Amino acid sequence: MVRSLNARTVANLGAVCALTVLLGACSSMSLTSSSPPPEPALERAMPASIRADEIVGRWGLASFQDPKDRARTENAAKGQCKQPYVIGAGTHGGVVMHLADQATPQELDLKGSPSGKNYIGPTGPAAGPQDREIVSFDGRVMVTRFIDKDAATRYGNMVYVRCAPRA
């Protein structure tokens with residue numbers, strides 16, 4: 001009796017295994033011809049409404065967290081023109097600036113977006129994690145804010161005030 005019970009259990013387990021294999025094979029087979037999924041369309045880079053040559057130059061730099069401090073911060077940035085932050089022209093049409101937490105400046109692109117916002121950052125889609133948004137720009141004063149929340153908290157709103165040309 002014990003032998004027939006073991007034999008029956010082994011037979012049942014074998015049947016379950018065979019059905020599992022068959023069902024697995026059926027789910028991987030397709031009766032219709034399917035084409036590969038379409039590749040996502042590459043996002044075309046939109047040109048920024050601000051040109052690189054408009055921001056190349058010497059700038060006084062300061063930052064603020066509280067919008068009420070903007071006017072005071074602009075005055076502080078003017079005072080930094082003795083030791084200006086230099087935004088250089090890139091070799092590929094961009095500008096040479098620092099990324100957050102990077103000691104070496106590199107060429108960054110100016111990027112536009114469908115919403116009309118402008119960004120400065122490495123090559124790639126606008127509003128990427130290493131980009132900074134140009135919050136405002138009037139030719140004399142530029143305010144930027146990093147997209148990355150941690151960098152935005154640490155650096156705040158960066159105020160660039162154009163320094164007078166050297167005499």
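This is a predicted model: local features need pLDDT of at least 70, side-chain atom pairs count only at pLDDT 80 or more; totals for chains, interfaces and linings use all residues.
At 25% relative accessibility, Asp69 falls in the partly exposed class.

Asp69 pairs up with Arg72 in a salt bridge, and the closest N and O atoms sit 3.7 Å apart. Arg72, for its part, counts as exposed, with 53% relative accessibility.

How many salt bridges does the structure hold? The count is nine. Side chains of opposite charge can pair when their charged atoms come close.

Another of these pairs joins Asp66 to Lys68, where the closest N and O atoms are 3.8 Å apart. Asp66 is partly exposed at 31% relative accessibility, while Lys68 is exposed, with a relative accessible area of 71%. There's also a network: salt bridges link Arg51, Asp53 and Glu54.

## A pair inside helix H4

Which helix holds both Asp150 and Arg154? That would be H4, which covers residues 149-155. The two are four residues apart, about one turn of the helix, and their side chains meet in a salt bridge with an N to O distance of 3.1 Å.

Neither name here belongs to the buried class: Asp150 is partly exposed with a relative accessible area of 46%, and Arg154 is partly exposed too, at 41% relative accessibility.

## Positive phi in two loops

Now for some backbone. Asp101 isn't a glycine, yet its phi is positive, at about 65°. You'll find Asp101 in the loop that runs between strand E4 (95-97) and strand E5 (106-112). With 48% relative accessibility, Asp101 is partly exposed.

Ala127 is also a non-glycine residue with a positive phi of about 65°. Its loop lies between strand E6 (118-121) and strand E7 (132-137). Ala127 has a relative accessible area of 36%, so it goes down as partly exposed.

Is Asn157 buried or exposed? Asn157 is buried: its relative accessible area is 11%, and the cut-off for buried is under 20%. This residue belongs to strand E9, which spans residues 157-162.

What does Asn157 touch, once residues up to four places away in sequence are left out? The contacts include the run of Ala62, Ser63, Phe64 and Gln65, and Asn157 also touches Val143, Thr144 and Arg145.

Definitions and conventions
Residues are numbered from 1 along each chain as its sequence is written. Side-chain values use heavy atoms; hydrogens and water are left out. Buried means under 20% relative accessible area, exposed over 50%, partly exposed in between (1.4 Å probe, protein chains only). Contact means heavy atoms within 4.5 Å.
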